[in-house]
Amino acid sequence: MVFEMDVVGSRSRSCPGGLRKWLMIVLLFVGLCTLTSQSTADDGKPAGSTTLAALEDSAKSLFALPSLDGPTHELARLRGRIVLVHFFATWCEPCRAEMASLRHLRSRLDGRPFAIVPISVAEADGAVRRFFAGDPLPFAILLDRDRSVARVWNIHTLPSTVVLDSGLRPRFIAEGDVDWARPDVMKILADLLKETPG
């Protein structure tokens, strides 16, 4: 397989298949770094201050993704619970603090119809495994290796979280890091839990 690439000031050159794959990975990584640096740059806001913005009529497709531990997890199986679909990357500095905040939220809502679905976007399994080594989480880490789910869900900022109601309809989105213990955030989640049957 040959990939044609135009180089400014020179004629087209062909790249072997392995080089093509490497170039695509580098371009994807550079694109994600650019998006993250733009979206997580210090803009004067305190860490975790991103607010949850209401969503209307924004249905998202259900997905099934492999987990870091191996088995595939289907979003459809979480129907009947409030679900936080959290998109992150291990190289994203605000994602680290937010992962700790999500862990505390999970323990705070233990026993409630609530689930957290963290999705690593476009990263090698080894990098994700090293990130969580020695620090196991109370939820499975899913792998969106080719960024297909992030693209379909229109995720352009890391971290980003979509809050789904018990019918798996998107109700809120946060594009940036959130302190999940903030009173305004907890009120939104408590109100959604009140709507949940059972």
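I began with salt bridges, and the count came to 10, taking a salt bridge as a side-chain nitrogen of Lys or Arg within 4 Å of a carboxyl oxygen of Asp or Glu. Before going on, I noted that this is a predicted model, where local features need pLDDT of at least 70 and side-chain atom pairs count only at pLDDT 80 or more, while totals for chains, interfaces and linings use all residues. I also noted that residues are numbered from 1 along each chain as its sequence is written, and that side-chain values use heavy atoms, with hydrogens and water left out.

**Entry 1: three of the salt bridges**

I looked up glutamate 93 and found its side chain in a salt bridge with that of arginine 96, at 3.9 Å from N to O. Why are glutamate 93 and arginine 96 separated by about one helical turn? They sit 3 residues apart in helix H2 (residues 93-108), so about one turn of the helix lies between them.

My scale was relative accessible area: buried is under 20%, exposed is over 50%, and partly exposed is in between (1.4 Å probe, protein chains only). Glutamate 93 counts as exposed because its relative accessibility is 56%, and arginine 96 is partly exposed at 42%.

Then I moved to arginine 106, which forms a salt bridge with aspartate 110; their closest N and O atoms are 3.9 Å apart. Is arginine 106 buried or exposed? Its relative accessible area is 13%, so I wrote down buried.

Arginine 182 is buried at 16% relative accessibility, and aspartate 184 is partly exposed at 37%. I also found a network here: Asp165, Arg169, Arg171 and Glu195 are joined into one by salt bridges that share partners.

**Entry 2: the disulfide**

How many disulfides does the count come to? I found 1, using the rule that a pair of cysteine sulfur atoms must be within 2.5 Å. A reminder to myself: a disulfide is a covalent bond between the sulfur atoms of two cysteines.

Here the bond joins cysteine 92 to cysteine 95, with 2.4 Å from S to S. The torsion about this S-S bond is about 80 degrees, so I noted the disulfide as right-handed. Cysteine 92 is buried at 1% relative accessibility, and cysteine 95 is buried with a relative accessible area of 1%.

**Entry 3: leucine 65**

I found leucine 65 in strand E4 (residues 64-66). It is buried, because its relative accessible area is 7%. Leaving aside neighbours within four places in sequence, leucine 65 is in contact (heavy atoms within 4.5 Å) with Pro71, Thr72, His73, Ile119, Leu142, Leu143, Asp144 and Val149. I picked out isoleucine 119: it is 54 residues from leucine 65 along the chain, and their C-alpha atoms are separated by 8.7 Å.

**Entry 4: alanine 76**

Where is alanine 76 found? I traced it to the loop between strand E5 (72-74) and strand E6 (82-88). Alanine 76 is partly exposed at 34% relative accessibility. Beyond four places in sequence, its contacts are Leu62 and Leu168. Leucine 168 is 92 residues away from alanine 76 in sequence, and 7.8 Å away in space, C-alpha to C-alpha.

How values were computed:
Helices (H or I, at least four residues) and strands (E, at least two) are DSSP runs, numbered from the N terminus.
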